[in-house]
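Colleague: I am new to this structure and would like to be taken through it. Could we begin with the terms and then turn to the details?

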Amino acid sequence: MKSAIFDLDGVIVDTAKFHFLAWKKISQKYGYELDETQNEKLKGISRSDSLINILKWSNKQISKIEFTKTLEEKNIIYLNLIKNLTKEDTLPGVFKILSFLKKKGIKIALGSASKNSIIVLNKLSLTKYFDVIIDGNDVVNSKPDPEVFIKGAKELGVSCEECIVFEDSEAGVKAARFAKMNVVGICNSKKELKNTLFNIEGFLSIKSNKILKHFL
Ligand code: BG6
Ligand code: MG
């Protein structure tokens, strides 16, 4: 029996839009206008890798102290934006798929780059569904490096090949594929993900049994 590893932002909850708004504000500070296309490249990667990219795109160099301060500033903006997040904000079908997998005895892990994963999961009252949580606090290398998923599999006590990853970002799909895991892509027709088993717009658009067949 296979195990499931879920990404968080953009898969379980639409916090991707809040990361975008926060980075947009930080980018403006450096005279750079971050748009949605460019923002796709920030999805799935760590907070510091995101800032490294923004500085590159803005053609700016800053001191180590300002770098650290800016990361904190971005997080304050982000935390303020998600302050009123409740379980109503969980993406449609997520409760259903998590309970379905649990009922079938399939182990579930979280594999996210976010250092705010526990805060977000608690706000959504979803923490109890996860047998293992690996996030930005537990890894040295962020996606597309496979570390987060390899650690997830190890803590679940299964081999990488036995894991199916639910991901919405290119960096995340790459990370999972590097770890030899299959991926169900979460995306819409505007943004296709490659190298996945199949893509879905969200969990409402798929019958639980279609997913189950890949876990047996
Ligand atoms: C990823 C998001 O899950 O976590 C990125 O896709 C985000 O947009 C990254 O930058 C790090 O999140 P945080 O909460 O640690 O700043
Ligand atoms: Mg994501």
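Modeller: A charge sits over a ring if NZ of Lys or CZ of Arg is within 6 Å of the ring centre and within 35 degrees of the ring normal. This is a predicted model, in which local features need pLDDT of at least 70 and side-chain atom pairs count only at pLDDT 80 or more, while totals for chains, interfaces and linings use all residues. Residues are numbered from 1 along each chain as its sequence is written, chains are lettered from A and ligands numbered from 1 in the order in which they are written, and side-chain values use heavy atoms, leaving out hydrogens and water.

Colleague: Which residue lies over the face of Tyr-78?

Modeller: That is Lys-74, at 4.7 Å from the ring centre.

Colleague: And how many aromatic pairs are there?

Modeller: Rings of Phe, Tyr and Trp (its six-membered ring) pair if their centres lie within 6.5 Å; planes under 30 degrees apart count as stacked, over 60 as edge-to-face and the rest as tilted. The count by this rule is six aromatic pairs. One of them, Phe-6 with Phe-130, is edge-to-face, with 6.5 Å from centre to centre and 90° between the planes.

Colleague: Where do Phe-6 and Phe-130 lie?

Modeller: Helices (H or I, at least four residues) and strands (E, at least two) are DSSP runs, numbered from the N terminus. Phe-6 is in strand 1 (residues 3–6) and Phe-130 is in the loop between helix 6 (117–123) and strand 3 (132–134), so the pair ties together parts 124 residues apart in sequence.

Colleague: Are those two buried or exposed?

Modeller: Both Phe-6 and Phe-130 are buried; buried means under 20% relative accessible area, exposed over 50%, and partly exposed in between (1.4 Å probe, protein chains only). The two also belong to one aromatic cluster with Phe-166, Phe-203 and Phe-215.

Colleague: What about Tyr-32 and Trp-57?

Modeller: Their ring centres are 6.1 Å apart and their planes are at 40°, so this pair is tilted. Tyr-32 lies in the loop between helix 1 (16–29) and helix 2 (36–39), and Trp-57 in helix 3 (residues 47–58), so the pair ties together parts 25 residues apart in sequence. Tyr-32 counts as buried at 16% relative accessibility, whereas Trp-57 is partly exposed at 21%.

Colleague: Where is the cis peptide bond?

Modeller: The cis bond joins Lys-143 and Pro-144, with omega at about 15°. Pro-144 is in the loop between strand 3 and helix 7 (147–156). In general, most residues other than glycine have a negative phi, and most peptide bonds are trans.

Colleague: What is the phi of Lys-180?

Modeller: Phi of Lys-180 is near 65°, a positive value in a residue other than glycine. Lys-180 lies in the loop between helix 8 (170–178) and strand 5 and counts as exposed at 56% relative accessibility.
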